[in-house]
Amino acid sequence: MRLYKYFHPDRTDVLENGTIRFSSPKVLNDPFELKPYISGIAPKSELESGFELNLPELLSEKYAALSRSERRRVSWKQFQVIAKAQLPVAYGHLKDASDQILPVLQNSMENTFAKMIGILCLTESPDNLLMWAHYADSHQGFVVEFDTDHPFFDQRLHLEDDFRCLRKVIYSETRPSFVLSKLKDFTPFLTKGLEWSYETEWRMMLNLESASTVIGEGPAAVHLFNFPKSSIRRVILGCRVSDVKAAEIRQILKDSAEYANVVCKQAQIDASKYSLNF
């Protein structure tokens with residue numbers, strides 16, 4: 001499979017050094033990145049059954065904590081009857097506590113991902129006019145075509161690993177939500193709004209701590225990862241690329257033996273359609 005990455009003309013360091021940025025979700029242009037909504041900790045029935053499972057031990061501890069005179073007035077059986085009569089009230093408190101902790105969990109999840117996860121965003125399309133405008137400095141930059149069959153793009157530790165490999169982004173009208181105890185995989189975190197569907201995105205996520213180079217500090221720090229130059233198959237220059245920039249890119253490709261088989265093309269405006277020809 002071939003996937004593509006759009007670059008600003010200043011980013012020739014990607015080709016020269018064989019390093020590429022994996023970005024924290026905090027610096028991406030979509031504020032909803034990796035922010036599905038946690039709608040609950042567990043279903044009501046699951047919370048109640050879990051509470052009941054631990055109830056005998058809890059009651060035993062509470063009864064043991066009573067004074068000797070209190071235990072003489074109330075037997076163990078009577079104590080259990082009284083306590084179980086209060087279960088509806090206890091369930092209400094349990095739900096309230098669950099609801100109160102949800103914002104804390106949501107905030108913790110988002111902050112953790114922002115600090116830990118780096119995202120590489122690729123696309124199926126090398127000729128999208130909007131992406132050339134937005135990500136390649138109004139067609140003055142370039143696009144790199146990657147061979148995603150290269151082992152670099154599949155570094156999974158096991159078959160169920162949702163990270164370290166390319167995953168196709170899902171587009172939806174509604175923001176994804178999930179119940180924490182029912183979360184089976186990373187799918188809710190790979191969902192974006194329909195407005196972004198034109199990007200036909202695939203993404204790969206790695207731990208930011210494993211970056212080969214870090215420039216700057218905090219959320220805006222740039223985390224660069226080494227990638228094999230041999231995974232590049234083609235470089236497409238924008239239709240507005242300057243002669244100087246085009247010559248620079250061609251020279252970088254010429255100077256590296258690893259780019260011996262890389263094809264360099266230049267985008268041209270089609271004579272009759274709103275499209276690009278390479």
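1. His139 lies in the loop between H6 and S5, where helices (H or I, at least four residues) and strands (E, at least two) are DSSP runs numbered from the N terminus. The backbone of His139 has a positive phi of about 75 degrees although the residue is not a glycine, and at 12% relative accessibility His139 counts as buried, a term that stands for under 20% relative accessible area, with exposed meaning over 50% and partly exposed lying in between (1.4 Å probe, protein chains only). Ser138 lies in the loop between H6 and S5 as well, and although Ser138 is not a glycine, its phi is positive at about 55 degrees; Ser138 is partly exposed, with a relative accessible area of 31%.

2. A word on the basis of these remarks. This is a predicted model, in which local features need pLDDT of at least 70 and side-chain atom pairs count only at pLDDT 80 or more, whereas totals for chains, interfaces and linings use all residues. Residues are numbered from 1 along each chain as its sequence is written, and side-chain values use heavy atoms, with hydrogens and water left out.

3. Side chains of opposite charge can pair when their charged atoms come close. Taking a salt bridge as a side-chain nitrogen of Lys or Arg within 4 Å of a carboxyl oxygen of Asp or Glu, the count comes to 14 salt bridges. One of them joins Glu145 to Arg2, with the closest N and O atoms 3.4 Å apart; this pair links distant parts of the chain, since Glu145 is in strand S5 (residues 142-147) and Arg2 in strand S1 (residues 2-7), 143 residues apart. Glu145 counts as buried at 8% relative accessibility, whereas Arg2, at 37%, counts as partly exposed.

4. Arg233 forms a salt bridge with Asp147, the closest N and O atoms being 3.3 Å apart. Arg233 lies in strand S13 (residues 232-237) and Asp147 in strand S5, so this pair ties together parts that are 86 residues apart in sequence. Arg233 is partly exposed, with a relative accessible area of 31%, while Asp147 counts as buried at 11% relative accessibility. Arg2, Glu145, Asp147, Arg233 and Arg234 are linked in a network of salt bridges.

5. A further salt bridge is formed by the side chains of Lys192 and Glu33, at 2.7 Å from N to O. Here too the pair links distant parts of the chain, with Lys192 in strand S9 (residues 191-193) and Glu33 in the loop between strand S2 (19-21) and strand S3 (37-40), 159 residues apart. Both Lys192 and Glu33 are buried.

6. What surrounds S13 in the sheet? Two strands pair if DSSP finds at least two bridges between them; S5 and S13 run antiparallel and are joined by five bridges, and Phe146 has Ile232 as its bridge partner in S13. S13 is also joined to strand S14 (residues 263-266), by four bridges, and these two run parallel; the bridge partner of Arg234 in S14 is Val263. From S13 the chain crosses through helix H7 (residues 243-255) to S14, and this β-α-β crossover is right-handed, meaning that, with the strands pointing away from the viewer, the path from the first strand over the helix to the second runs clockwise. S13 is mostly covered, five of its six residues being buried.

7. With a disulfide taken as a pair of cysteine sulfur atoms within 2.5 Å, the structure holds zero disulfides. Cys121 is in no disulfide, and the nearest cysteine sulfur, that of Cys165, is 14 Å away. Cys165 is buried, with a relative accessible area of 6%. The C-alpha atoms of Cys121 and Val169, 48 residues apart along the chain, are separated by 9.7 Å; Val169 lies in the loop between strand S6 (166-168) and strand S7 (170-172) and is buried, with a relative accessible area of 5%.

8. The largest pocket has a volume of about 610 Å³. Of the 24 residues that line this pocket, the closest to its centre are Lys5, Tyr6, Leu28, Cys121 and Tyr135. The elements that give two or more residues to the lining are S1, S2, strand S4 (117-123), helix H6 (129-135) and strand S10 (201-207), and S4 gives the most, with five residues. A pocket here is found on a 1 Å grid over the protein atoms alone, as an open set of points where a 1.4 Å probe fits, with protein on both sides within 12 Å along at least five of seven lines, and lining residues have an atom within 4 Å of a point. Grid points are joined across faces, edges and corners, and the volume is the space filled by probe spheres set on the points.
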